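Here is a short tour to read with the model open beside you.

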Amino acid sequence: MSAVASSARATPAIGWRDVALAVAPLVLALVVAGIVLAVAGHNPLEVYWLLLKESFGGVKRIAATVAASTPLILTGLATAVAFRSGVFNVGVEGCVLVGGLAAAYVGFTFVGLPATLLLPFALGAAVIAGTLWMLVPALLKARLDVDEVVTTLMLNFIAVSLTAWLVNGPLLAPGSANSATPMVVEAARLPRLMPPSTLNAGFLIAIALLVLYWLWGRGTALGLETRLAGLNPRFAIASGINVPMLIIKMMLLSGAIGGLAGGIQALGTVNRFVVGFSPGYGFTGIAVALLGRGSAIGILLAALLFGALATSGATIQLFSDVPIEIVNILQGTVMIFAVARFGWLLKNRQGGK
Amino acid sequence: MSMAEFTPDTTIRLGAHSVTRRFGELVANDGITFRAHRGTIHAIVGGNGAGKSTLMRILQGMDRPDEGVVLVDGMPTVFFGPADAFEKGIGMVHQEFMLVPGLTLLENLVLAQEPLDGLRRIDRKKALDAARKLEREAGVTLDWDMPVDDAPVHVRQIVEILRLLYRGADVLILDEPTAVLAPAQVQELIVLLRKLRSEGRTILFISHKLDEVMALADEITVIRSGKVIGAMKTAETSKAALAEMMIGEILSRPNARPSPVGRTVLELRGLAAMDARRVLRLKELDLDIRAGEIVGIAGVAGNGQDELIAAVTGLGRIERGSVRLDGEDVTKLGLRARRERGLSYLSPDRAAEGLCLSAPISENLIAGRHRSAALCKAGVLQKGAIKRHVETLLDRFSVKRASAALPISSLSGGNQQRVAMARELDGNPKLLVACQPTRGVDIRGIAFIHQCLLDYREAGGAVLVISEELDELIALSDRIVVLYDGRVTGEVARGSAKVEELGRMMLGETRKEVAA
């Protein structure tokens, strides 16, 4: 066999098996939710058609879907970079919260700065907040082998309470009774791409990061090291790869991207930080990373799917008698089937130890 | 083939008739026919990649032939999975034992078919009775209350075998059963299997170790490249004839030319180390290895080899003592820092540590060296340079592959080991720690790897070989050091080592006692 012919064949392509594995959870979820719908007295096909129209029927709807998927791309990516090195980081939700608050804080505090300085400063604050939020679990995992699932999950609760306390106390908007910070100034807001849609420049940042992730994973030494460490940590250690340092780096990177997700949400969509700022972006990000099988294109498609469910769910009950709970059930079943791959991942992880 | 032309020969307990199994273009089994008669020991002999594993998977119902049939009691049979094969009395002892840690030997024996008392608790007495009965059948005595974790390897293996018997198997398929045993234990296993044969059990024994095959089997089937090369009674053949059938030619033994020794590359002083369970396994070990020298460590598994490997490579902590690498004290350095100073490490556990099976061949070959200046600039991998480097190395080590981008699990065990070897000898290391360098590798691969080690030695490399194969140690080592209970019980120079003497030293007799 000639080396040329064989190497051409072996370039990592997306095979039918990958596609099947990625699509299967969706199909299974549609079937299960279809049964639920039928039992509830709805025609599943009609409901699905409505969902499709509400999420992709027309430029406005598509813009809404893309806007809704922006934070999910970022949280999915944040989760994926940690998974890749074998770290099961479930703390992206916490990073979204602290990142969002940090960005909002900068955005309503340093009001004298011009947009060219203030916007990067605010996003930078979000990145730093997310990174620092992951520092403790990263060090505990790398140095003392403390299970990151426990530490990062618990930190989420701390993040919820900490941010809630801050916006109800020191950072509460003057004269405001609801738990929210003041609005960020115009100069700190991400430009809207298609007003009045909330679709903003954050989406472009997310796509740029996906492309970087794709290039990084294929062509850099660090990308190779993380993959080997994720597939077989014992092998990576015996080969002389500094796995503990790698774990720290990737957890911090995961936190940085999670923080950025929060910052973009704060500066692009919400324009402030409020209690209940994230409807679980970090947790949906886990489903996105798993359903997307850690690949850049997979994360994009999975984020669009969950974004579509979120937007169509919000409007479907306006135009039909389908309650929003049905959409939540559908979203939940997709997640369950997406996470069915979870077992495989966990097995990999323990096998390596 | 119609059923009518088949006369069931019930003396055939298990067999295959024209079994063919293809994987894409590869024909793993090509019309294999063999018959294992009831109450006999039948050996299937072949090198790596001969098709033994595929045949084995078919015989225990894990895979189905594309053509041909499996014969059970002389009748063509299709298995619906391993459970179905087990129903028909066919059980397999895998190379990796499948016992549950944390349970006792007795609990493992009865696991999944526990005798229960009125309250649905395990009836210990009944279980123990069953165990005693099996002991008598097999002619062994075991401490059944011992936790599996404390049991030596050969005891675990016996429990595996008895477990199959307990669950009703009367055909035992054993895959390379002696790979983990010391010479004396191999003898015990042979006695046990003969005893089982005399009880009317049928044993199918897969091996590439011809001494054991000659000692144990009644009949032998030799396969090579998926085809049956010969089938004969053991009495009618010889080791040399089998070897020739297995590899198709006689290989010359690697030749260790005298080579001048240089400076001391590895210097161990007063080394003591514990295992993961805080038991002192290595006790006051001194050892020097010089450039141009191969030092072999002989010993029954569990006498401190693992801790020695961990201490020299820096993968584990030590209690006392010092490690010097090429004159520099590296006692406090980890594996990565020691690798930077010229250490190379061929892992004994190829599947779990030596290679990353799901990663491409190329990545396995460059892992650890992927940041070297030639392959990586500013953190970006140089695709072209890596490809050239990988192809050069693979050619030099004659690794047969379709593409270096395929997962390394697509290679046979022997070729996988060549990849691991190629990586570890790449970049001119000063010291190579080679652990079980030819485990699961066939005769041709062994010769190749031995030649690699000897060439490296001649080029001035220092090698520490840790192996359970005494023949290998004798062929390679300038000095053999015997480890027993964490101490050195003897040292033998090249040319004066005999398997029997080493075997006795490995069981705790000192050099003097052996000589007496």
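## Chain B as a whole

Please keep in mind that this is a predicted model. Chain B has 18 helices and 22 strands. Its radius of gyration is 24 Å, close to the 24 Å that the globule rule gives for 516 residues, so chain B is as compact as a globular protein of that length.

Buried residues account for 45% of the 516 residues in chain B.

## Where chain B touches chain A

How many residues of chain B are in contact with chain A? There are 26, and they are in contact with 23 residues of chain A. On the chain B side, α10 (335-340), α11 (350-354) and β18 (380-381) each supply at least two residues. The largest share, three residues, comes from α10(B).

Sorted by class, the side of chain B that touches chain A has 14 nonpolar residues, along with six polar and six charged ones.

## Helices α4 and α5 of chain A

Now turn to chain A. Two packed helices are described by the angle between their axes and the distance between the axes. For helix α4 (residues 59-84) and helix α5 (residues 92-109) of chain A, the angle is about 130° and the axes are 10 Å apart. α4(A) and α5(A) are therefore oblique to each other, and their crossing is right-handed.

To find the contact, look for A:T75, A:A78 and A:T79 on α4(A), which meet A:V92, A:C95 and A:V96 on α5(A). Four of these contact residues are nonpolar and two are polar, with no charged residue.

## Helices α6 and α7 of chain A

The second pair is helix α6 (residues 115-144) and helix α7 (residues 148-168) of chain A, with axes that come within 10 Å and cross at roughly 160°. That angle makes α6(A) roughly antiparallel to α7(A). The crossing of α6(A) and α7(A) is right-handed.

From α6(A), the contact uses A:W133, A:P137, A:L140 and A:K141. From α7(A) come A:E148, A:T151, A:T152, A:L155 and A:A159. Here the contact of α6(A) with α7(A) has five nonpolar, two polar and two charged residues.

Key. Residues are numbered from 1 along each chain as its sequence is written. Chains are lettered from A and ligands numbered from 1 in the order in which they are written. This is a predicted model: local features need pLDDT of at least 70, side-chain atom pairs count only at pLDDT 80 or more; totals for chains, interfaces and linings use all residues. Axes are lines fitted to C-alpha atoms, for helices over the stretch in contact, and angles run from 0 to 180 degrees between N-to-C directions. Helices (H or I, at least four residues) and strands (E, at least two) are DSSP runs, numbered from the N terminus. Angles under 35 degrees count as roughly parallel, over 145 as roughly antiparallel, 65 to 115 as roughly perpendicular and the rest as oblique. A crossing is left-handed if the near helix is turned anticlockwise from the far one by less than a right angle, and right-handed if clockwise. Two residues are in contact if their C-beta atoms, placed from the backbone, lie within 7 Å. Ala, Val, Leu, Ile, Met, Phe, Trp, Tyr, Cys and Pro count as nonpolar, Asp, Glu, Lys and Arg as charged, and the others, Gly among them, as polar. The radius of gyration is taken over C-alpha atoms; the globule rule is 2.2 Å times the number of residues to the power 0.38. A residue is buried if 20 or more other C-beta atoms lie within 10 Å of its own, exposed if 12 or fewer, and partly exposed in between; C-beta atoms are placed from the backbone.
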